[in-house]
Amino acid sequence: MNKLLIAISFLFVQVIFSGATHASEAFLMKNGELERPTGYREWIYVGTPVTPNDMNDGKAAFPELHNVYIDPKSWEHWKNKGEFRDGTIIIKELVSVGSKSAVSGKGYFMGDFIGLEATIKSKKHFKDEPGNWAYFSFSSADHKTLSKTAKAFPSTSCNSCHANAAADDFVFTQYYPVLSQGKGMKMKAGGGYSDSLKPIK
């Protein structure tokens, strides 16, 4: 009986630790490809930048709106430590510019979902990449479907721009006040704790 209890306890501990290991990363890599994450709209919403064609001579590199999310565990680490942990994943959901007028006035309003991209920091998977970051796209060429897996882009296609212009560890935090103002702010990064709207230093 004692041997049976020990065996059951051992299996129980194995299950707990395997689950904890899996839970430490909000993404799954198989055979060098990233499986498309699901449920990311339940993560921490970071912001939505847009560089429309109208303001870039009709030739904007990224003319769509980008809804950006970070996985909850990495957000916890960012707001407490002020750094992106190993295992961070940031999702970028691409949305077309739809209407340019509404009852509130003229502007850029969301249209349809047209793509999905991801950025991952991982020494395990990308030990030779600058900053251990890699970049992925699940978007089809016609922007109508998403692939179930994606391979990382070549380093030169993304990393050089991020290395030269990003404010924090290859991430453009300067364009996302949720990140820039939440850096190392612990509980206050959750919002609503400060009376001032000025940048916190």
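Q: How many helices and strands does the chain have?
A: The chain has four helices and ten strands, where helices (H or I, at least four residues) and strands (E, at least two) are DSSP runs numbered from the N terminus. This is a predicted model: local features need pLDDT of at least 70, side-chain atom pairs count only at pLDDT 80 or more, and totals for chains, interfaces and linings use all residues. Residues are numbered from 1 along each chain as its sequence is written, and side-chain values use heavy atoms, with hydrogens and water left out.

Q: In what order do the elements run from the N terminus on?
A: The order is α-β-β-β-β-α-β-β-β-β-β-β-α-α.

Q: What share of the chain counts as buried?
A: Of the 201 residues, 32% count as buried. Buried means under 20% relative accessible area, exposed over 50%, and partly exposed in between (1.4 Å probe, protein chains only).

Q: And what part of the contacts is between residues 24 or more positions apart?
A: Such pairs account for 51% of the contacts with a separation of 6 or more; contact means heavy atoms within 4.5 Å.

Q: Pocket next. How much space lies in the largest one?
A: About 840 Å³. On a 1 Å grid over the protein atoms alone, a pocket is an open set of points where a 1.4 Å probe fits, with protein on both sides within 12 Å along at least five of seven lines. The volume is the space filled by probe spheres set on the points, which are joined across faces, edges and corners.

Q: Which residues are closest to its centre?
A: F62, H66, K92, H162 and F172, out of 30 lining residues; a lining residue has an atom within 4 Å of a point.

Q: Which elements give two or more residues to that lining?
A: β4 (65-70), β5 (89-97), β8 (110-121), β9 (133-137) and α3 (155-165). The largest share, four residues, comes from α3.

Q: What is the lining like by class?
A: The lining has 20 nonpolar, seven polar and three charged residues. Ala, Val, Leu, Ile, Met, Phe, Trp, Tyr, Cys and Pro count as nonpolar, Asp, Glu, Lys and Arg as charged, and the others, Gly among them, as polar.

Q: Back to α3. Which of its residues are buried?
A: C158, N159 and H162. Seen down the axis of α3, they fall within an arc of 90 degrees, so they line one face of the helix; the arc is that of the directions from the helix axis to the C-beta atoms. What covers them includes β9, while T156 and N164, on the other side of α3, are exposed.

Q: H66 came up at the pocket centre. Buried or exposed?
A: H66, in strand β4, counts as buried because its relative accessibility is 7%. Its side chain makes a polar contact with the side chain of E64 at 2.7 Å. A polar contact is a pair of N or O atoms within 3.5 Å; within protein, one must be able to donate a hydrogen and the other to accept it, and residues adjacent in sequence count only if both atoms are side-chain atoms.

Q: What does H66 touch beyond four places in sequence?
A: G47, T48, P49, K92, E93 and L94.

Q: And R85, where is that?
A: R85 is in the loop between α2 (72-81) and β5, and is buried at 10% relative accessibility. Its side chain makes a polar contact with that of S74 at 2.9 Å.
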